[in-house]
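Here is a short briefing to read alongside the structure. Take a look at the view below, then follow the notes by topic.

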Amino acid sequence: MFQKIIASIIIFCSLFLFSCHDDSNEVSLAPQLVENKVVSATAPDFNADNAYELIKQQVAFGPRVPGSVAHKKCAEWIQKEIKKYVDTVYEQKTTVIQPISNVKYPCINIIGSINPALTKRILLLCHWDSRPWADEDVVNQDKPIDAADDAGSGVAILLEIAAKLKTTKPDIGVDFLFVDVEDVGKSELENPSNDITTFCLGTTYWALHPHVPNYTADFGICLDMVGAKGAQFPLEGYSAHNAGDYQKRIWDIANRIGYSSYFSYLAGGMITDDHVEVMRNIHIPTVDIINLQPSGGFGKHWHTHQDNMSIIDKATLKAVGQTVMQVLFEN
Ligand SMILES: [Zn+2]
């Protein structure tokens, strides 16, 4: 994903049919829950050591570039892992086309559902593919990256949460959505007006063809780049505009349980990420938890060969994993 320019903000807002500053209309597109929540039982303990090992296992496959052997092996591995913990697993296999390069990519979305019959649901999602290039690096720009953080960290946190929910089952439905082909998009230089969606292709497919007919959830949480040392999670802009009540609830929980040094209430940028396509195409208000540095950007390792195991910090994994788990147990 990337940080958008002002023009793209206007385009996105027009896709939502209403202007960014019209709060009352936003509610109708992404209805937000405003009832008082009761602080309930403490969530199970999120194990950051396990999550760290789950990132290592992904990196060991090699770059999970769509169409590669590593990609296929990782898809099989995610399915094998999530099957241990949830009631139902769905696999979506299709082909998507990057609209600027016109390259076709095999796309495998994997969904694991807990309590699939319940109507009260929370959607947790992250992408699992890795970027085919290191276009933000100064060397070997045409080589794929390890992608420990982008997106190994999100996958690892979701799998570790699923493992904990196996023994402490929540009284709501939870869907784990691992989306493919997020990261083959073109930079702003190649797509200056940003009027074509070149990122998040797997999510767009899923949102238009959900794994069960008429699928919906109360709200969603999207994780992206959630494992690096020094990560900061300010309030991402599209989430704030379209899922602000949920975003506030998540940040309040994070701050209450001790992670204020990660989850700040500062305004972050407007980020093209999977949550945008979920809100645009299936109208589930969805909050992005994504590393946005105060100096701008996603951290120096973003889309470079520095996105490897050395950047991963168990303390960051813990902050995000425990926060998301607590959100599940306060619903
Ligand atoms: Zn990326």
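**Loops, core and a helix pair**

Asn 214 sits in the loop that links helix H6 (201–208) to strand S6 (219–224). Please keep in mind that this is a predicted model.

**Two asparagines with positive phi**

- Most residues other than glycine have a negative phi.
- Asn 214 is not a glycine, yet its phi is positive, at about 60 degrees.
- Asn 214 counts as exposed because 5 other C-beta atoms lie within 10 Å.
- Asn 115 also has a positive phi without being a glycine, here of about 50 degrees.
- The loop between strand S3 (104–114) and strand S4 (121–127) is where you will find Asn 115.
- Asn 115 has 19 C-beta neighbours inside 10 Å, so it is partly exposed.

**The largest nonpolar core**

- This core holds 93 residues, and Leu 124 and Leu 158 touch the most other members.
- Helix H5 (residues 148–167) gives the core its largest share, 10 residues.
- Beyond its neighbours within four places in sequence, Leu 124 has contacts that include Leu 158, Val 174, Phe 176, Ile 221 and Val 324.

**How H3 meets H5**

- The axes of helix H3 (residues 48–61) and H5 come within 8 Å and cross at roughly 130 degrees.
- H3 and H5 are therefore oblique to each other, and the crossing is right-handed.
- On the H3 side, the contact includes Leu 54, Ile 55 and Val 59, while H5 brings residues including Gly 152, Val 155 and Leu 159.
- By class, the contact of H3 with H5 has 9 nonpolar, 4 polar and 1 charged residues.

Terms used
Residues are numbered from 1 along each chain as its sequence is written. This is a predicted model: local features need pLDDT of at least 70, side-chain atom pairs count only at pLDDT 80 or more; totals for chains, interfaces and linings use all residues. A nonpolar core is a set of buried Ala, Val, Leu, Ile, Met, Phe, Trp, Tyr and Cys residues joined through C-beta atoms within 7 Å. A residue is buried if 20 or more other C-beta atoms lie within 10 Å of its own, exposed if 12 or fewer, and partly exposed in between; C-beta atoms are placed from the backbone. Helices (H or I, at least four residues) and strands (E, at least two) are DSSP runs, numbered from the N terminus. Two residues are in contact if their C-beta atoms, placed from the backbone, lie within 7 Å. Axes are lines fitted to C-alpha atoms, for helices over the stretch in contact, and angles run from 0 to 180 degrees between N-to-C directions. Angles under 35 degrees count as roughly parallel, over 145 as roughly antiparallel, 65 to 115 as roughly perpendicular and the rest as oblique. A crossing is left-handed if the near helix is turned anticlockwise from the far one by less than a right angle, and right-handed if clockwise. Ala, Val, Leu, Ile, Met, Phe, Trp, Tyr, Cys and Pro count as nonpolar, Asp, Glu, Lys and Arg as charged, and the others, Gly among them, as polar.
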